[in-house]
Amino acid sequence: MSRGDRVEPHPAHALGPRVGVKALILRDGAILMNRSDVDGHDVFDLPGGGQEYGETQAEALVRECAEEIGARVRVHGVACVWEFLTEIGGFRREQIPLSHQLNVGFWCGLEPGEEPRAEATTEMDAWQVGTSWLPVDQLDRFDVRPRAIADWLRADPSIRPVGLGPVEL
């Protein structure tokens, strides 16, 4: 079986937390964020998504970034880890069955010659309307979700924890 083959998880795996991977792509003091329209309001979050069974975290992140930002990325290393444990989900905060997701944020760079798409395409999630470079020192002016990531990015790098624990959208 090659790495690209999809394998259905054993039922025991389906009961565990979902693993999400997120890209932290910095350039000139700004971070690349997905931009979504939530009831006429811009909401920003890190590019990335769910790791599929049989896929490495780096493979998942490369795939998710290609879909969401339209650019190839190079995955460097773990930046931080956080989790959601909630019955309220999504940007619209709708009621959902109990959800548990562990997210691993990775420092990433754009591959040479790659640039993210600014506007939405059919490959993006339905609510995503594009991408934006947000100045890290001004993240408090934007609706960044989860808020803990914006606060973490604005903190002094010498005291940033790797584990953020449970966070809220």
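A residue is called buried when its relative accessible area is under 20%, exposed when that area is over 50%, and partly exposed in between (1.4 Å probe, protein chains only). Cysteine 80 is buried by this rule, with a relative accessible area of 0%.

This is a predicted model, in which local features need pLDDT of at least 70 and side-chain atom pairs count only at pLDDT 80 or more, while totals for chains, interfaces and linings use all residues. Residues are numbered from 1 along each chain as its sequence is written, and side-chain values use heavy atoms, leaving out hydrogens and water.

Start with the whole chain. The chain has three helices and eight strands. These are DSSP runs, numbered from the N terminus: helices are H or I runs of at least four residues, and strands are E runs of at least two. From the N terminus on, the order is α-β-β-β-β-α-β-β-β-α-β. Of the 169 residues, 38% are buried. Now take contacts, meaning heavy atoms within 4.5 Å. Among contacts with a separation of 6 or more, 65% are between residues 24 or more positions apart. The chain exposes about 9,300 Å², and carbon and sulfur atoms supply 53% of that area. Such areas come from the Shrake-Rupley method with a 1.4 Å probe; for residues, only the protein chains shown count as cover.

Next, look at helix H2. It covers residues 57-69, which makes 13 residues. From first C-alpha to last, H2 reaches 17 Å, close to the 18 Å expected at 1.5 Å a residue. The expected span is 1.5 Å times one less than the number of residues. The buried residues of H2 include Ala60, Leu61 and Cys65. Just after H2, glycine 70 takes a positive phi of about 70°.

How many disulfides does the chain have? The count is zero. A disulfide needs a pair of cysteine sulfur atoms within 2.5 Å. The closest cysteine sulfur to that of cysteine 65 belongs to cysteine 108, and it is 5.8 Å away, so the two are too far apart for a bond. Cysteine 65 has 0% relative accessibility and counts as buried.

Turn to the rings. The structure holds two aromatic pairs. Rings of Phe, Tyr and Trp (its six-membered ring) pair if their centres lie within 6.5 Å; planes under 30 degrees apart are stacked, over 60 edge-to-face, and the rest tilted. One of the pairs joins phenylalanine 44 and phenylalanine 142, edge-to-face, with 5.6 Å centre to centre and 85° between the planes. This pair links distant parts of the chain, 98 residues apart. Phenylalanine 44 is in strand E3, and phenylalanine 142 is in the loop between strand E7 and helix H3. Phenylalanine 44 is buried at 5% relative accessibility, whereas phenylalanine 142 is partly exposed at 25%.

The loop between E7 and H3 also holds proline 146. A cis peptide bond joins arginine 145 to proline 146, with omega about -5°. Most peptide bonds are trans, and most residues other than glycine have a negative phi.

Two aspartates have a positive phi. Aspartate 28 has a phi of about 50° and lies in the loop between strands E1 and E2. Aspartate 39 has a phi near 55° and is found in the loop between E2 and E3. Aspartate 28 is exposed at 79% relative accessibility, and aspartate 39 is exposed at 66%.
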